[in-house]
Amino acid sequence: MITVIKTVLSAALSGLLGLDAVQAGQFLLSRPAFVGPLLGWLNGCPLEGARLGILLELLYIDFIPVGGVVPPNGTAAAAVGVLAHSAGGLAPSLSFFLGLAAGRSYSYIEYQLRASRSPWNAVIEAQVAAGDIFLRRWLVKAMLIENAVMGAYVLAWAALAACISYLPGLSRLYPGTDFAYSLMPWLGLSGLYFRFRTQIYKKR
Amino acid sequence: MFFKMFLRSFFIQAGWNYERFQNLGFAFCLQPALEKIYPDRAKLKAAMLRHLQIFNTQPYMASFVLGNVASIEEKAAAGPDQEACLKTMPGVKQALASSFASIGDRIFWGRLKPMTAQVCLLVWAAGGFYGWLFTGLNTKVSVWLLMAGPVAGIVFYSAFAVHWRWYGLKSGYVCGGSASCGLDSANWPRLIRVLSTAGFLMSVAIALTAFGMLAALNYNSGRPGDVFLRIALPVGVLALHRITRALGKSVFFAAGLVLAFSVLLFSVFGMRPFRLYI
């Protein structure tokens with residue numbers, strides 16, 4: 001029961017932290033490097049949380065949110081990764097790859113959420129033209145929706161992870177996922193290296 | 001007025017949409033200034049409608065545009081020819097938004113954001129934690145150190161972000177009206193160059209330390225062939241990433257390849273798994 005409560009609270013917290021990515025603050029509280037250890041700490045696995053978080057962070061460095069592009073969501077990735085391990089009972093390696101997939105597929109949902117706000121413009125213009133300039137309620141509405149969707153999304157993936165953990169023969173998969181996971185820090189490091197090497201190279 | 005605009009600027013992207021991008025946030029941020037400039041409700045309404053049009057720039061650098069536009073609105077309200085003054089505003093707004101988007105993307109997204117990960121890794125290294133590099137290796141580490149790394153990165157990044165939000169607002173307001181306003185407030189090319197060089201040097205330092213750790217863990221560990229394999233594999237991953245990048249594929253593709261081959265070799269064909277360290 002405690003695990004369920006912790007998972008629900010963690011999903012809600014990840015929804016809140018997720019707002020920092022685009023909508024509120026942008027202090028990088030939504031980055032996997034922070035979300036991973038924080039949720040890991042809250043769920044009793046700080047080391048695995050930090051490891052998952054920084055590895056996801058290093059891989060996600062490859063994506064830059066310029067020109068309205070929706071990059072993979074690091075908050076969803078880290079939250080799903082940690083909860084798949086702590087609540088779902090999966091090995092850290094499989095949790096990591098599940099998180100990676102969850103972060104990638106959240107960008108489609110985020111795209112839909114952004115697109116769904118476009119029709120608001122006409123309504124807001126009519127409202128302002130009628131003398132009501134209280135825009136805050138629209139922004140709060142947008143953030144509440146985003147928060148709820150992210151929380152539900154993380155919770156759904158955690159539930160999926162729990163279901164996966166009951167699959168027969170799952171342990172046979174772990175030698176492969178463990179080995180791939182052990183190579184991820186090096187893939188992340190190469191991402192870090194090439195991000196800056198390209199800049200230095202272009203400069204000359 | 002400035003402080004209210006500054007606080008609201010943290011929510012400039014709250015209503016981001018594909019039709020007009022940051023327009024809702026922009027109008028929301030500008031509202032305190034417009035309320036002060038136009039006590040008349042009809043004029044305030046018209047001003048709000050003007051700023052609900054399309055707008056998009058880098059969120060931290062939007063402050064430069066906000067300050068500038070507030071200044072133009074103020075001059076227009078106080079001057080004799082409001083129409084002429086406001087006529088130039090969309091052009092100025094657009095020009096500044098594009099310029100600052102380019103500068104901000106390079107500084108914040110392209111350099112400072114990856115540097116927060118580097119800061120995190122350096123803090124962990126200073127605290128003696130390298131456990132992130134060797135998965136499966138259980139090391140004892142305090143939660144405070146684990147949290148200190150990302151928090152240090154956030155503090156480092158936010159210092160820049162908050163500074164430019166506040167400074168941009170002030171500086172945009174002071175030179176308001178010009179389409180080049182604020183563009184000379186820093187030596188941007190130099191700042192970008194310094195950040196690139198610092199980021200690259202930190203990347204090299206982190207990579208060398210990582211390979212040094214790997215070599216140290218495998219030192220005197222038995223057959224030279226095993227040691228060679230354990231060092232060659234990470235180098236191979238680096239090469240794989242380089243090749244997939246050259247092919248225009250994302251890092252997910254490289255990660256997917258590594259996963260697929262590993263599962264095939266160790267889970268399907270049942271090869272005996274091994275670790276990168278002995």
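## Domains of chain B

The contact between them takes 23 residues from domain 1 of chain B and 18 residues from domain 2 of chain B. Contact means heavy atoms within 4.5 Å.

About 1900 Å² is buried between domain 1 and domain 2 of chain B, and carbon and sulfur atoms give 80% of it. Buried area is the accessible area (1.4 Å probe) that two parts lose on being put together, summed over both.

## Basis of the model

This is a predicted model: local features need pLDDT of at least 70, side-chain atom pairs count only at pLDDT 80 or more, and totals for chains, interfaces and linings use all residues. Residues are numbered from 1 along each chain as its sequence is written, chains are lettered from A and ligands numbered from 1 in the order in which they are written, and side-chain values use heavy atoms, leaving out hydrogens and water.

## Chain A overall

Chain A has 8 helices and 0 strands. Helices (H or I, at least four residues) and strands (E, at least two) are DSSP runs, numbered from the N terminus. The C-alpha trace of chain A spans about 65 × 60 × 25 Å along its principal axes.

Of the 204 residues in chain A, 62% are buried. Buried means under 20% relative accessible area, exposed over 50%, partly exposed in between (1.4 Å probe, protein chains only). Take the contacts in chain A between residues at least 6 apart in sequence: 75% join residues at least 24 apart.

## A:L83 in helix α4

A:L83 sits in helix α4 (residues 74-86) of chain A. A:L83 is buried, with a relative accessible area of 0%. Beyond its neighbours within four places in sequence, A:L83 is in contact with A:T7, A:S10, A:A11, A:N43, A:G88, A:V154 and A:A158. A:L58 lies 25 residues from A:L83 along the chain, and their C-alpha atoms are separated by 20 Å.

## Two loop residues with positive phi

A:L28 lies in the loop between α1 (2-22) and α2 (32-42) of chain A. Its phi is near 75 degrees, a positive value in a residue other than glycine. A:L28 counts as buried because its relative accessibility is 6%.

In chain B, B:F21 is found in the loop between α1 (2-8) and α2 (23-37). Phi of B:F21 is near 55 degrees, a positive value in a residue other than glycine. B:F21 has 21% relative accessibility, so it counts as partly exposed.
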